[in-house]
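Keep the 3D view open as you read.

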Amino acid sequence: MPENLPGAVSPADITTTRAWSALLARPTPPSLRRLFDADAERAERFTFTAADLRVDCSKTHLDDGTLGALLDVARTAGVEQRRDAMFAGERINVTEDRPVLHVALRAPIGTSIAVDGRDVVPDVHGVLDRMAAFADRVRDATFGGARITDVVNIGIGGSDLGPAMATQALAAFAHPRIRSHFVSNVDGADIHRTLSGLDPATTLFVVASKTFTTIETITNATTARGWLVDALGVDAVADHFVAVSTNAEEVAAFGIDTDAMFGFWDWVGGRYSVGSAIGLTLMIAIGPDRFRELLVGMRAVDEHFLGAPLESNVPVLMGMLGVWYADVHGHDTKAVLPYAQELARFPAYLQQLDMESNGKSVRLDGGPVGTSTGPIVWGEPGTNGQHAFYQLLHQGTRIVPVDFIGVARPNHPHQHHHDLLMANLFAQAEALAFGRENPDEPYRHFDGDRPSTMVLLEQLTPSTLGQLIALYEHVVFVQGAVWGINSFDQWGVELGKELAGRIVPELTGSGDEPGDPARPGRHDGSTDALIAWYRERR
């Protein structure tokens with residue numbers, strides 16, 4: 001990448017470097033069974049810690065030589081320099097000319113992170129303090145004179161996936177009176193289902209949109225506003241709506257008092273924003289103290305990522321393993337399988353974090369990438385997946401690297417259930433790695449030699465959830481740095497939005513007048529036919 005880019009230290013294309021050539025020249029690794037047979041200490045040597053997380057990489061094909069080659073690639077790509085540039089507030093999001101500072105959201109008071117000469121850490125804590133005061137009022141039933149029982153978060157993408165995932169994950173820590181709901185899809189079934197059965201007098205809406213113009217969010221918010229006004233009158237909007245946004249003009253036009261608006265900054269990407277005001281619904285659910293524990297957990301992994309040598313730096317190791325399996329071995333997908341029902345939304349959250357960040361084909365310097373980027377991320381909680389797609393994992397023709405996530409102590413009293421759950425977790429990793437010979441019945445034969453990484457938490461708490469989130473944020477960062485792409489823009493979502501805005505009036509117009517946008521011939525033959533079919537039936 002050119003030297004004028006923040007954090008730039010390497011050639012534009014990592015595949016042209018000696019380090020990459022050396023990685024490709026590594027011999028085919030032995031099977032996992034042979035690796036374990038040859039090294040009685042393997043499990044201990046390839047198990048690492050990041051804050052409170054235990055990460056066992058021994059059931060991957062790492063050996064000392066491959067580890068060294070992967071870390072040489074990371075160093076050649078400038079992972080450390082680019083990491084330091086991010087934490088220093090440099091504008092590493094070059095296509096939007098912005099810093100990338102979700103790490104500032106969890107920086108403790110006294111830390112200094114400057115953007116254009118201004119220390120942003122006091123601003124972050126100022127917003128957190130306002131959020132905390134508001135959350136306490138809602139939890140204490142003093143907001144607007146109403147006893148709030150239901151909080152409806154209206155957002156989409158990063159304004160929905162992060163807080164929705166975390167609120168479900170931390171349900172054991174939630175206020176017993178307050179139920180949290182999340183509306184994101186512009187499909188009217190989503191808002192209709194959510195509002196059904198709610199009492200307008202005890203419902204609070206949190207409308208989360210940085211620009212306050214996101215079409216899905218504003219459509220849903222407008223429907224919710226109409227529902228409230230029909231029941232309580234227009235004056236009730238001020239007591240039942242708050243905004244998470246930076247657009248005070250649009251917020252005020254909607255009818256929300258800007259004193260009830262919680263802001264954030266353009267250096268916070270949506271998919272990295274759960275620790276910002278976007279997490280207001282989460283803070284109301286679990287309380288300000290628990291929310292700050294989430295931030296402390298994130299910070300603990302930030303410090304590990306900043307300070308640990310590469311040889312034991314868990315985000316770097318996991319990131320480089322992902323690069324190796326995707327680009328050297330050709331494994332295009334990655335399954336994330338949490339053996340914790342509370343983490344049911346975590347794979348969906350990671351889909352956006354990873355695929356929106358690294359689903360890119362253009363390098364920072366504008367040239368095409370030289371290898372695959374952005375694995376296809378998917379998954380479901382165990383043990384449900386065992387009765388759905390594990391057949392393919394064990395005996396299919398595709399190799400799917402797996403990240404397993406497990407928890408030692410549950411947040412429920414049913415210990416026997418949890419013992420069964422964890423037995424299945426450990427058994428699945430063992431079966432994938434070592435398989436079972438059965439030459440007489442080939443359909444019962446398991447090749448094994450299928451890699452997995454095991455991430456273990458002692459208990460799912462706000463702190464350990466924060467650590468898990470930050471771990472994967474930094475894994476994505478490492479891979480983006482190696483591929484030389486900008487992990488912090490998302491231009492790929494724009495074209496479809498633009499075309500949808502053009503098609504809306506074509507669905508509703510008459511098509512009879514010469515200037516009517518509904519007249520045919522404005523698209524390809526297929527799209528024109530689809531529009532015509534819908535118009536006849538709407």
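How many salt bridges does a search of the whole structure find? The search turns up 26 of them. Please keep in mind that you are looking at a predicted model, and that every value below is computed from that model.

Arg26 forms a salt bridge with Asp63, and the closest N and O atoms of the pair are 3.3 Å apart. Arg26 sits in the loop between helix H1 (18-24) and helix H2 (32-38), while Asp63 sits in the loop between strand S2 (53-56) and helix H4 (64-76), so this bridge ties together parts that are 37 residues apart in sequence.

Now turn to Lys334, which forms a salt bridge with Asp403, with 3.8 Å between the closest N and O atoms. Lys334 belongs to strand S10 (residues 333-338) and Asp403 to strand S12 (residues 402-409), so the pair ties together parts that are 69 residues apart in sequence. Are these two residues buried or exposed? Lys334 is buried, and so is Asp403. Elsewhere, salt bridges that share partners join Asp13, Arg363 and Asp365 into one network. Another pair to find is Arg118 with Asp123, whose closest N and O atoms are 2.8 Å apart; Asp123 is partly exposed, with a relative accessible area of 21%.

With those pairs in view, zoom out to the whole chain. It has 20 helices and 13 strands. Its radius of gyration is 25 Å, close to the 24 Å that the globule rule gives for 538 residues, so the chain is as compact as a globular protein of that length. Along its principal axes, the C-alpha trace spans about 75 × 60 × 60 Å. Buried residues make up 53% of the 538 residues. Among contacts with a separation of 6 or more, 73% are between residues 24 or more positions apart. The chain exposes about 22900 Å², of which carbon and sulfur atoms supply 51%.

Which residues of helix H5 are buried? They are Val79, Arg82, Arg83, Ala85, Met86 and Phe87. The cover over these buried residues includes H4, helix H13 (288-307) and helix H18 (462-483). Just after H5 comes Gly89, which takes a positive phi of about 85 degrees.

Another glycine to click on is Gly158, in the loop between strand S5 (150-154) and helix H7 (161-169). Gly158 has a relative accessibility of 7% and counts as buried. Leaving aside residues up to four places away in sequence, Gly158 touches Pro163, Gly270, Arg271, Ser273, Ile278 and Gln352.

Finally, some backbone details. In general, most residues other than glycine have a negative phi, and most peptide bonds are trans. Where does this model depart from that pattern? The peptide bond from Gly382 to Thr383 is cis, with omega near 10 degrees. Thr383 is found in the loop between strand S11 (376-378) and helix H16 (390-395). Asp116 has a positive phi, near 55 degrees, and lies in the loop between strand S3 (114-115) and strand S4 (118-119). At 64% relative accessibility, Asp116 counts as exposed. Asp449 also has a positive phi, near 60 degrees, and its place is in the loop between helix H17 (415-434) and strand S13 (452-459). Asp449 counts as partly exposed, at 29% relative accessibility.

Methods. Residues are numbered from 1 along each chain as its sequence is written. This is a predicted model: local features need pLDDT of at least 70, side-chain atom pairs count only at pLDDT 80 or more; totals for chains, interfaces and linings use all residues. Side-chain values use heavy atoms; hydrogens and water are left out. Helices (H or I, at least four residues) and strands (E, at least two) are DSSP runs, numbered from the N terminus. The radius of gyration is taken over C-alpha atoms; the globule rule is 2.2 Å times the number of residues to the power 0.38. Buried means under 20% relative accessible area, exposed over 50%, partly exposed in between (1.4 Å probe, protein chains only). Contact means heavy atoms within 4.5 Å. Accessible areas come from the Shrake-Rupley method with a 1.4 Å probe; for residues, only the protein chains shown count as cover. A salt bridge is a side-chain nitrogen of Lys or Arg within 4 Å of a carboxyl oxygen of Asp or Glu.
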